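These are my notebook entries on a structure that I looked up. I record each item in the order in which I consulted it.

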Amino acid sequence: MDWGSDLWDQHDVIERHTQSGLDLLERYVKFVKDRAEVEQNYAKQLRNLSKKYSRRGVKEDQDTKLINQQPFQDVLNELNNYAAHREQLSEIMTVNICVELSRNLQELRQERKNHLCEVKKAQQNLESSFKLLETSKKRFEKEWREAEKANQQTERVQQEVSATKADVEKAKQHAHFRVHLADECKNEYASQLQKYNQEQNNLYHSEIPSVYKKLQEMEERCIRLLADGYVQFSETEKNMLPNINKCLDAIISTGRNINEKQVHTLTHTHTSDVLAVCMERSYSDSSLT
């Protein structure tokens, strides 16, 4: 469909339609902002979770080494890295999608405003031309009535027995003046009518179709920006998946590298050391008695 030729008389429809398209683009920008905020909050919660379960203090560090809980700490460290990638995803969405689309949206709004102003200005010019046409028409009608009256007055003077030659000549001159004035008004009205018809033809067959074509192209760009925004939204997260998968693979690797026998040995050694200390203390106490 060509807006210029098919919708040349549907100004209100085009105005509402283009506004609706820009509103949808603005709504999508807000959606991506909220989506980025979700990622930001998610990353923050992941960091808090990692911090909550991380072991702290010298004694806890010793216990970690002795009972082999270091792998769990490694998992928590990878969770922090995972959170960093979610934060990065949020930043990329904000900068590459929200900021860019907001800039384009502002430009499109201004472009739409300019095009609609063009149509309004052209319509106002035609309305002004129509007012001039109406004025010239009324003046012509008035002067034509005056010319008819003058001609009728001339006929009456000529038919009067008491009228002198001078009276008849004077009446004829007055009638001639009125007819001449009416002819001038007629020519002015004809000229104004021709001008108005030309401006009207130009408005509806050239100016408005040209502007509506520009609005159609603008609307198509708006739709393309929205479509590209959908693609970019998905690709942004898709491109981040390799880094996220590295964190998940590292956690998998940590779990697979745990040697349960080594854990058992370390635990047994730790228990033996405690028993030895207890026996030594018992022996020292008996010697004192």
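Entry 1, helices α4 and α5. I looked up how α4 (residues 70-159) and α5 (residues 165-256) pack in this model, and I found an angle of about 175° with the axes 7 Å apart. Axes here are lines fitted to C-alpha atoms, for helices over the stretch in contact, and angles run from 0 to 180 degrees between N-to-C directions. Helices are DSSP runs of H or I with at least four residues, strands are runs of E with at least two, and both are numbered from the N terminus. I therefore recorded α4 and α5 as roughly antiparallel to each other. Angles over 145 degrees count as roughly antiparallel, under 35 as roughly parallel, 65 to 115 as roughly perpendicular and the rest as oblique. The residues of the α4 contact with α5 divide into 47 nonpolar, 20 polar and 21 charged. Nonpolar covers Ala, Val, Leu, Ile, Met, Phe, Trp, Tyr, Cys and Pro; charged covers Asp, Glu, Lys and Arg; the others, Gly among them, are polar.

Residues are numbered from 1 along each chain as its sequence is written, and side-chain values use heavy atoms, with hydrogens and water left out.

I counted six helices and zero strands, in the pattern α-α-α-α-α-α along the sequence. Of the 289 residues, 29% count as buried, that is, under 20% relative accessible area; exposed is over 50% and partly exposed lies in between (1.4 Å probe, protein chains only).

The axes of α2 (residues 11-53) and α4 come within 8 Å and cross at roughly 165°. The crossing of α2 past α4 is left-handed, meaning that the near helix is turned anticlockwise from the far one by less than a right angle; clockwise would be right-handed.

Is Arg35 buried or exposed? Arg35 counts as buried, because its relative accessibility is 18%. Beyond neighbours within four places in sequence, Arg35 is in contact with Met93, Phe233 and Glu237. Leu49, also placed in α2, is partly exposed at 39%. The C-alpha atoms of Leu49 and Asn80 are separated by 9.2 Å, although these residues are 31 apart along the chain.

I read a chain average pLDDT of 85, with 84% of residues scoring at least 70; pLDDT is the predictor's confidence in each residue, from 0 to 100. Confidence is highest in α2, at 94, and lowest in α6 (residues 260-288), at a mean of 50. Over residues 274-279 pLDDT stays under 50, and the model has zero contacts there beyond four places in sequence. Where pLDDT is low, the predicted coordinates should not be read in detail.

Key:
Predicted model: local features only at pLDDT ≥ 70, side-chain atom pairs only at ≥ 80, totals over all residues. Contact = heavy atoms within 4.5 Å.
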